[in-house]
Amino acid sequence: MEGLCVEREQRSRTLYVYVHTFGCQMNEYDSLRVERMLAQEGYESTDDPASADVIFINTCSVREKAEQKVFSLLGRLRRLKNKNPRLKIVVAGCVAQQLGDALLARFPHVDIVLGTRAIGALPRLLRRSTEEDARTAHLPEHDEEGWKELFHQDHRWECPVVAPVTIMQGCDNFCTYCIVPYVRGRERSRPADEILREIHIITRKGTREVLLLGQNVNSYGKGLADGMNFARLLRRIEEETDLVRIRFTTSHPKDLDDELIECFARLKKLCRHIHLPFQAGSDRILARMNRHYTAADYLDKVARLRSACPDIGISADVMVGFPGETEEDFQATLELIRTVRFDTLFSFRYSDRPFAKSGAFPDKVPEEVKARRLTELQALQAAITLEKNRREVGRTREVLVESESKAGNGQMTGRTSQNRIVNFAGSPELVGTLVPVRIREAYSHSLRGELADGSAC
Ligand code: SAH
Ligand code: SF4
Ligand code: F3S
């Protein structure tokens, strides 16, 4: 009887979910899905874990450091569970997939562990966990529930100006350092019609730009019956939707073909930006990484991109200290950076990962050598980024206004087509519009400008 009253009391007040996301944009997208699903169940999002009824942690396992951050957050949450035993703690994402039941054993205050193909099952498992007070790890091989929350008649969720849309899951590339194929499973492309339908729904709810997501979007379409490929998907999105901008990430250099490169020259909505990780500049290391291209192949793709679209912004991922990386190999990486002159570069220190083959490779690079190489590489890139940002001063760029700037003081924030962040004085009514902004100042991570004529383009 008492239990029933508690249940009623819980139902009659607003329920809150606190979502914390580690890792890549795939996780950002899954977290967005969770917020949408739980909004349908009556939950509101909160920034305060102490007032939440459900805490949802989306985890990343790509590097050792990422995994450690997850464990330290989970440790800190024990206190909240002690204070509020009715709190439900859910752990999803790649660490959840990697550890499954072991995570429940290690963290007795965790209620639900959700594998990377189990996001859709959350509302069901949450209800069960409340009714039966049962702890569970659910790691299905396939996404059984699909994207049901999208096609619910009564959407009680909102959409941001820039929204991610997953177009494929998993990865078949098996780069030797990488855990992703093991935790995200085999590559599966979503049918184009379903992607288009999702974009129609979110554009009606205010989205103006989509970020199409996949570990290797260039191989989109594999396994779909109608001979679909990524360039064709882009053309359909350009023609059939009301979006103003399309972006995508990530591209694998081995699969970047001329048909896709041509899209940068032809499609008006496609942003002039590509994220094209190269990982290393030495052919010997690239072969040991199982990347299937050489530094010369990579430079050739960059040259083709720049000839199709001269002002394209190029960003990439690179790592230092892969097993067997000599000083000479490292110099080849620096040389590639000097040649390409990336707009932005995400650089990492190699770490062994469970399942990944390179863990067993000989000639591990000492941590202090990795640290020195990373510092040197980042100093080189910081100078290039700043120099390229400074070249923007005096230009007028079209900016899609995303939100008010976190810094406040009447500043709005958005991005250029090339993916540079621009802050400028403006009013909140501009959110969701494309405006011309004249760039006045350049910093290492952003630009500052002013509205060129005060009106939307
Ligand atoms: N699918 C994307 C990358 C996803 S992982 C691609 O192929 O480009 C994001 C980045 O993490 C990788 O590009 C790589 O630079 C880095 N990374 C992956 N495994 C790593 C490891 N074991 N150690 C250090 N960095 C790693
Ligand atoms: Fe990992 Fe390579 Fe797949 Fe990217 S392409 S997710 S680096 S295995
Ligand atoms: Fe991390 Fe998994 Fe993404 S390991 S980078 S959250 S695919």
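Val17 stands opposite Val54 in strand 3, with strands taken as DSSP runs of E of at least two residues and helices as runs of H or I of at least four, both numbered from the N terminus. This is a predicted model, in which local features need pLDDT of at least 70 and side-chain atom pairs count only at pLDDT 80 or more, while totals for chains, interfaces and linings use all residues. Residues are numbered from 1 along each chain as its sequence is written, chains are lettered from A and ligands numbered from 1 in the order in which they are written, and side-chain values use heavy atoms, with hydrogens and water left out.

To get from strand 1 to strand 2 the chain passes through helix 2 (residues 25-40), giving a right-handed β-α-β crossover (with the strands pointing away from the viewer, the path from the first strand over the helix to the second runs clockwise).

UniProt, in an unreviewed entry, lists residues 15-131 as "domain: MTTase N-terminal"; its positions are given in the numbering used here, feature names are shortened, and annotations may be inferred rather than shown by experiment. Over residues 15-131 the chain is 50% helix and 21% strand, with the end C-alpha atoms 16 Å apart. The feature "domain: Radical SAM core" is listed by UniProt (unreviewed entry) at residues 157-387, where the chain is 40% helix and 16% strand and the end C-alpha atoms are 41 Å apart. Then there is "domain: TRAM", which UniProt (unreviewed entry) places at residues 390-453. That stretch is 2% helix and 53% strand, and its end C-alpha atoms are 22 Å apart.

Now for the ligands. Ligand 1 is surrounded by 15 residues, the closest being Arg63, Gln215, Gln279, Asp317 and Ser351; a residue is near a molecule if one of its heavy atoms lies within 4 Å of it. Gln215 puts a polar side-chain atom 2.7 Å from a nitrogen atom of ligand 1, inside the polar-contact cut-off of 3.5 Å between N or O atoms. Polar side-chain atoms of Gln279 and Asp317 each lie 2.7 Å from an oxygen atom of ligand 1. On its own, ligand 1 has 540 Å² of accessible area, and the protein covers 90% of that (Shrake-Rupley method, 1.4 Å probe). Strand 13 (313-320) and strand 14 (344-349) each supply at least two residues of this shell. By class, the shell around ligand 1 divides into 6 nonpolar, 4 polar and 5 charged residues, where Ala, Val, Leu, Ile, Met, Phe, Trp, Tyr, Cys and Pro count as nonpolar, Asp, Glu, Lys and Arg as charged, and the others, Gly among them, as polar.

Around ligand 2 the residues include Cys171, Cys175 and Cys178, along with Gln215, His252 and Arg291. The shell around ligand 2 splits into 7 nonpolar, 3 polar and 1 charged.

Thr249 and Thr250 are joined by a cis peptide bond, with omega about 5°, and Thr250 sits in the loop between strand 11 (245-249) and helix 10 (258-266). His292, a residue other than glycine, has a positive phi near 65°; His292 is found in the loop between helix 11 (283-288) and helix 12 (295-308).

Terms used. Polar contact = N/O pair within 3.5 Å; in protein donor to acceptor, adjacent residues only side chain to side chain. Pairing = 2+ DSSP bridges.
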